[in-house]
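Hi,

Here is the structure I said I'd pass on. Have a look at it first, and then read on for what turned up.

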Amino acid sequence: MSGEDTESSRGGVKSYNNTITSSASASTYLIEDTETQWTSWLVPMFVVANIALFIVVMYLNDCPNRKHSRLVGSCVASFLGRFSFEPLKENPLFGPSSSTLRKLGALEWTKVTVNHQGWRLITCIWLHAGVIHLLVNMLSLVFIGIRLEQQFGFVRIGILYLLSGFGGSVVSCLFIRNNISVGASGALFGLLGAMLSELFTNWTIYTNKAMALLTLTVIITINLAIGILPHVDNFAHIGGFLTGFLLGFVLLPRPQFGWLERRNLPAGTRSKSKYKPYQYVLWLVSVVLLVSGFSVALVMLFRGENGNDHCHWCHYLSCVPTSRWDCDEN
């Protein structure tokens, strides 16, 4: 594998930090009624699908039959045969080569815009750079996704997960041109963003509102801050978060208590509307922003425009240069 592939393997990981898993503890502050109405099955299926696909990727990678220079080293865990991992100098996350990920659908600007392979905006969400990357993302998905699916059902959470991942891929592809990118982190950040907007749109039914808001804000801030380190695709995180935040206003509003109790009211009594006026306003504004945002971003992407040309400081959102690392290598 070439030096360029090495950098791509490290630079394009949609990294995710264990800090996000602690958001599950915040859920105790969020909902006044803790009874679950849905059985979670979609999120576990997503986890199984990601793990199964990673096994397939490792099988196709077939490290022992790939040529490696002496400087790079030999395959890791060679007792696994063709499932063994690439040398740590090529992939420190215990996974396949970047060339294998590229062939199987990793996100790459040239492939998407020049070769018109828009399907990579979706397939990259299901690929992972290594065992560590996969485990952190799947643990985060279990802690966050199952609770949300129990509360809102598989349809809304499925739409939220997939559209957030797609939004993260679009933003990533607009700003990153020299590396490949893989991972479900954009979708996971979308779930976090939806948790925040769900708190706002359903503010009146919450207990301990200040603690809920503080906990979510700290978790989101820490995870986004980690994204400014090198070799992390923070644009996917930001794109997924913004998409999920807006989708939360659209998909996750809860009806007023008075509307839920309308059947118990005396005959002829006028019941309340299903949602509060501000919920309708937030719903409308979010729909407009989502449609216009996706439209503008996709037009820019497939016209081959570079997002950095329109935002000269945005590259600092994904990597801040220091004396220890150079963002030009990212």
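Bear in mind that this is a predicted model. I started with helix packing: α8 (residues 154–175) and α13 (residues 277–302) have axes 10 Å apart and pack at an angle of about 40°. That angle makes α8 oblique to α13, and their crossing is left-handed. On the α8 side the contact is made by L163, F166, G167, V170, C173 and L174, which meet F294, A297, L298, M300 and L301 of α13. Sorted by class, that contact comes to 10 nonpolar residues and 1 polar, with no charged ones.

Next up, α9 and α10. Helix α9 covers residues 185–201 and helix α10 residues 209–226; their axes cross at roughly 155° and come within 11 Å. With angles over 145° counted as roughly antiparallel, that is therefore how α9 and α10 run relative to each other. The crossing of α9 past α10 is left-handed. From α9, the residues in contact are F189, L192, M195, L196, L199 and F200, and they meet A212, L213, L216, I219, I220, N223 and L224 in α10. This contact has 12 nonpolar residues, 1 polar and no charged.

And what about cavities? Searching the whole structure gave 1 cavity of 30 Å³ or more. The largest cavity has a volume of about 30 Å³. Its lining consists of L107, E108, W109, S172, C173, I176, N179 and S181, which split into 4 nonpolar, 3 polar and 1 charged. C173 turns up in that lining and also in the α8 contact with α13.

Cheers

Note on methods. Residues are numbered from 1 along each chain as its sequence is written. This is a predicted model: local features need pLDDT of at least 70, side-chain atom pairs count only at pLDDT 80 or more; totals for chains, interfaces and linings use all residues. Side-chain values use heavy atoms; hydrogens and water are left out. On a 1 Å grid over the protein atoms alone, a cavity is a set of points where a 1.4 Å probe fits but cannot get out, and a pocket is an open set with protein on both sides within 12 Å along at least five of seven lines; lining residues have an atom within 4 Å of a point. Grid points are joined across faces, edges and corners, and a volume is the space filled by probe spheres set on the points. Ala, Val, Leu, Ile, Met, Phe, Trp, Tyr, Cys and Pro count as nonpolar, Asp, Glu, Lys and Arg as charged, and the others, Gly among them, as polar. Axes are lines fitted to C-alpha atoms, for helices over the stretch in contact, and angles run from 0 to 180 degrees between N-to-C directions. Helices (H or I, at least four residues) and strands (E, at least two) are DSSP runs, numbered from the N terminus. Angles under 35 degrees count as roughly parallel, over 145 as roughly antiparallel, 65 to 115 as roughly perpendicular and the rest as oblique. A crossing is left-handed if the near helix is turned anticlockwise from the far one by less than a right angle, and right-handed if clockwise. Contact means heavy atoms within 4.5 Å.
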